[in-house]
Amino acid sequence: MLVQDRAAPKSPKQSQIRTLPTTLRPNRFSESKSLDFSTWLSDNLYKIISILLLIATVAALYFLRNVGDTAALLCFEKEAEALEKIQFPHVNWNSIPPNSDKSSPYANFRSERWIVVSVSNYPTDSLRKLVKIKGWQVLAIGNSQTPSDWSLKGAIFLSLEQQAKLDFRVLDYLPYESFVRKTVGYLFAIQHGAKKIFDADDRGDVIDGDLGKHFDVELIGEGARQETILQYSHENPNRTVVNPYIHFGQRSVWPRGLPLENVGEVGHEEFYTEVFSGKQFIQQGISNGLPDVDSVFYFTRKSGLEAFDIRFDEHAPKVALPQGMMVPVNSFNTIYHSSAFWALMLPVSISSMASDVLRGYWGQRLLWEIGGYVVVYPPTVHRYDRIEAYPFSEEKDLHVNVGRLIKFLISWRSNKHRLFEKILELSYAMAEEGFWTEKDVKFTAAWLQDLVAVGYQQPRLMSFELDRPRASIGHGDRKEFFPRKLPSVHLGVEETGTVSYEIGNLIRWRKYFGNVVLIMFCSGPVERTALEWRLLYGRIFKTVVILSGQKNPDLAVEEGQLDRLYKDLPKIFDRFTSAEGFLFLQDDTILNYWNLLEGDKTKLWITNKVSESWTTVSTNDNSDWFSKQAAMVNNIVSTMPAHFQVSYKETVKSGQSLTICNSEVFYIPRHFVADFADLVNLVGNQEVHQKVAIPLFFLSMDSPQNFDSVLSTMIYKQTPPSMNSSSLYSSKVPAVHPWSVSSEQEFINLIRLMGYGDPLLTELV
């Protein structure tokens, strides 16, 4: 019999309970335990101990944090920070072994000019054209997406396997699928004799197939262009970044890497300065077709599936960036000279769309340490828009950090005495500021060691001038260039509003001068300039009457002699009886009509406050010509009606002096026309010269204190340093003298200069 089948013996109590009636059964719960404290404590002791330990721990932490020695508590935080702190790499620059190419088929190949591209697909037509550029060796760098059978005659191709055999330190940090593997290509080119590297893209065609036509490939020697280069003005120290596309005719377009807060700055440069050529170690080209734009521009300006085909001004001069000012630099249309090879490093810890831009700003800052600068060039390539998606997420490093990065770089300083030490220090500082990570600090150290290993000599430092007081910019140092406004079908709100503003200006100028007749005397060949002058000034004035030494009916040019032209003016006045006034102008003086709106058209205008134009000479110490002119003036004054004589003699106290005015520009309002005609009649047949008669008439018609001074700030030079020099012209004065226009080309050059004050003029050329 099994144990579990056995029956337990019955107790007497159990037997008694079963025999009780149902109504008399005791409670179904067991008998209550004693409530003695010792019994309760023994049953709950483990719970009490756990609660007390928890309370004690909390109290101890609170006490240490707020009352006791905080170092005891914070030691844990410090240890955590120590684990996160970026380690500064220490490099022994004197013990880096050389690294020569021993594994590739090109071990003995040497070339001074290299084109480095990253390839992910089979060769493009643009890449085939790059291979044909004479004197340049194309180096194609593969990645994990490149077809294994990639090949192109004339190009050197380095696959991932071949790159791994080159024994460069940077290989430990490079991603397999990214274009930043071009870093291997830069080192390979330097290892094989590079002096110039064109950082290129495999979808851009070099315009005319000649890099030397667009860039300054040679900076020294016979092939170098010994010239000065326009440079952005450093006058405003708070201006740290510029949009170069404005300079080349597209102000509604901005480059990838320009801080979005600067996109709205679309104005022309007030003026430029100049810098000597030879230190433009980084040369950034502009791309026609699809320029280097960010995803914000690409998606907000594109109409459907239409490809971008944006054009820039190929005739605009190249422009340099001074210390303290930066510009976005990319990796597909840029030439690096050997002095800036260290600046080719593409960072690896940030997105690929931001890598070359951050490299460009980082490199520009360090370039100042060796006295170099960046120059932006007119269109050098045509890049085709494949209408592909622009990954906005890949640009987050740009849109979030680039503005802060520029400010940081401008303020960064280093006391190191060698360039590579400064480079490493800056990379470390940028990691501490969060612009990239510690990986790029280590990558920088590997990059610099690889440069030393392949034989690169770091450039010497030069005096750094950013902290010195900036030199003041004199008038003679100001160089003006007015960008063309090239048509664009992708107009933004800002540009549309600007165009409306310019049209509004034209209407305002026309309203002011629309009832004023311009009388112009041309001393040059009118068959070359008469129509151009009418085209220029006819947009503003009621009409333009042109006189010259020889009559030309076909061009509606009337005959007149400058030395006595005042005698012909009353006849012209009579032809325009409804005109509000008459403005006289010689063709050697340029009228900036937009600066004349403050003038009072009821008063006389003349250059009496321009000392070079309005002078007083003594007839006692001068030639017979002055004496004869003075005698005729005295004779005329003696026959004047009283009101003319009184006005004249209030100003001219002595009969032994003569007032001379070259009279290139003056204005006569309608209510003085009759007085002017009366004074011409008083002269009669006497041969009073124009520059004597005009001041005589003006002093007789009214007191000089009543003349309007609107012409007083004009530029007036007797002998300018060089005719038609851009340093002479300014759009901020009412007139400029002298200026010669004798051909269509000179007229076009003038229009471009005047375009700053009247931008719509650029539509004429």
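Buried here means under 20% relative accessible area, with exposed meaning over 50% and partly exposed lying in between (1.4 Å probe, protein chains only). The structure is a predicted model, in which local features need pLDDT of at least 70 and side-chain atom pairs count only at pLDDT 80 or more, while totals for chains, interfaces and linings use all residues. Residues are numbered from 1 along each chain as its sequence is written, and side-chain values use heavy atoms, with hydrogens and water left out.

**Overall**

**Helix 15**
- Helix 15 spans residues 526-537 and reaches 15 Å from first to last C-alpha, close to the 16 Å expected, where the expected span is 1.5 Å times one less than the number of residues.
- Its buried residues, among them Trp533 and Tyr537, pack against several elements, including strand 12 (516-522) and helix 21 (744-754).

**Nonpolar cores**
- A nonpolar core is a set of buried Ala, Val, Leu, Ile, Met, Phe, Trp, Tyr and Cys residues joined through side-chain atoms within 4.5 Å; in the largest, of 106 residues, Ile197 and Trp342 touch the most other members.
- Helix 12 (residues 419-432) gives the largest share of this core, 9 residues.
- Because domain 1 (101-202) and domain 2 (226-405 + 458-494) both give residues to this core, it lies between them, the domain bounds coming from an automatic or database assignment.
- A second, separate core of 49 residues includes Tyr537 and Trp605.

Notes
Helix = DSSP H or I, 4+ residues; strand = E, 2+ residues; numbered from the N terminus. Contact = heavy atoms within 4.5 Å.
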